[in-house]
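Please open the structure in a viewer and keep the selection panel at hand.

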Amino acid sequence: MPTRQRRGESVGAAPLMRSASAGAAFRPNRLLKQMLVLGLGFATSGLAAAAIAQTPAAPAASPVAQSGPPSPATPRETPRSGAAKPGDPLAAIDWLATPAPDAGLPGTVLLEPPVAGSARRPEVTVTPLASLVAPIGLVKPASTGLPVDLWRGSNAEALATLLASVPVRKSPAMQSLMFTLLLSETRPPVEGGERLLLARLDRLMDLGAPDPAQALAEQAGPTRSKARFKRWFDATLLTGDEQQACSALQDRPHLAPDYASRIFCAARLGDWSTAALLLEAAHALDLVDSRQLDLLDRFLNPDVFEDAPPLRAPKSPDPLTFRLYETIGERRPTSNLPRAFAAADLRDIAGWKAQLEAAERLTRIGALNPNHLLGLYTERSPAASGGIWDRVAALQRFETALETGSAEAVSKTLPKVWRAMQTAQIETAFADLFADQLARIPLDGQAANLAWRIRLLAPTYETASHSPPPSQGRSAFVAAVAQGVPTQELARSGVEQAIAAAFAADSAAPRKLQRLLDNGQLGESILRAMQLFAQGADGNLGDLTDALATFRAVGLEDTARRAALQLLLLDHR
């Protein structure tokens, strides 16, 4: 009876039987194939050949099923590609059996010809790490005249201390220079760049310039750190642009300066349910100060506290507290608050008097464009008399006299408006606004002398210096300063002698500042010269000479001349 052929059997042959060792013989071959596919480089190594040689051969089929004697050995044939030789592992590839290379080489070295000498070598460009840091600033170096690597070589902590401490209140020229340093597009030091950026933002706020501080923070990336966001958030609260900061805080709540800011922003974005939930959590967990909790309660529930007495005003509110008081209808005056709060009074929600007082305060420190002040001064007729209303009336009458072109009318109104500007300490802003128009009015006597002094405080001081009035006693020295050539022969006082020494041909920066300049530390040397100027203006005449000489040595000739002129002409300072 015919038997059924089973799978794995051939007709007339015994079944092919594999033992466990036969299966193991195939594993190295599969492993080698995988290594070859992955490009591990065993093909040309002795390691591959050794692995193959040590692989046990598959056992022959069992002789029990063989019929007849074994066939005689056949002559050895030349192996063909893909043909296995006796003793070779099953499914071996011919070129895997290539003899191992010289035993002196490691098994993983590829036998490739050297390519280093034949390949074209790439050109290597060396770039300092500092140049890879993006510069930060609102004004291009081409406009400021300051290099982009202004802070190179200086310690960031020392620069931050100088930016925070250099006094500029008494000198409009120093104020202008400070704003130039803060806003110029410069590259931070390699180390401590974040510290320097925060110091720039803090000084802008200290000078009453939250708008530039907000813009500078936005350019640098306000959400890159919690410290940046805090300064950006405070600036937007004072400029009325907190919508942007609140939207960013909603996406990144971990940046919140405090829990109260999250409540405020949730309500500001219209998410009142979230704001109420956060407020309840703040009450339950004591996450917010009790006074600020009371303020937030009135902010979120105005109807409940409609007949409640006003809250006690804090002495030193932060920007968020200030805005919350404003929102609940209990706006606080800014006259006794830091300068940055005065910027909040420039918005239309403040009264005209509050806007005028804030504008004068910010103009006094150089944080406001004089044209903005002029627009407020001439917006409407004075509502009363005395104080700021007298200054408004005096300026409006003077502007009317200028428009008529009458020398007599200008002569009558000029002394009074000048006294008003001296009272407010905004003489340089007045000079910037009206110097060119005064130059076109043919004045004489005291009015001519006064007009000339005003013109010397304006950017066109050098032009005015060539036509001094004959009756001005100190006109020769002042005119020489405006032209950059004052001499000791013309000097009459100690201050004039110190100024003349700074403009002498052999003048130079003091040794300690010259070392900074030699090391390329331009920004630090300017800040330290500003420090010396403040000390010189207070009576240390040697420091005054050193400061002015340093300004001239670094190319700040205009700053040196204007600072000296203001020191001579602004007597009250």
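Two axes count as roughly parallel at angles under 35 degrees, roughly antiparallel over 145, roughly perpendicular from 65 to 115 and oblique for the rest. This is a predicted model, in which local features need pLDDT of at least 70 and side-chain atom pairs count only at pLDDT 80 or more, while totals for chains, interfaces and linings use all residues. Residues are numbered from 1 along each chain as its sequence is written, and side-chain values use heavy atoms, with hydrogens and water left out.

Next, select helix H18 (residues 407–424) and helix H19 (residues 427–439), which pack at an angle of about 160° with their axes 10 Å apart (lines fitted to C-alpha atoms over the stretch in contact, with angles from 0 to 180 degrees between N-to-C directions). H18 and H19 are therefore roughly antiparallel to each other. Show the side chains of Val410, Leu414, Val417, Trp418, Met421 and Gln422 of H18 with Glu427, Phe430 and Leu438 of H19, which make the contact (heavy atoms within 4.5 Å).

Now move to Gln425, in the loop between H18 and H19. Gln425 is not a glycine, yet has a positive phi of about 60°.

Finally, select Asp286, in the loop between helix H11 (272–285) and helix H12 (290–300). Asp286, also not a glycine, has a positive phi of about 55°.

How values were computed
Helix = DSSP H or I, 4+ residues; strand = E, 2+ residues; numbered from the N terminus.
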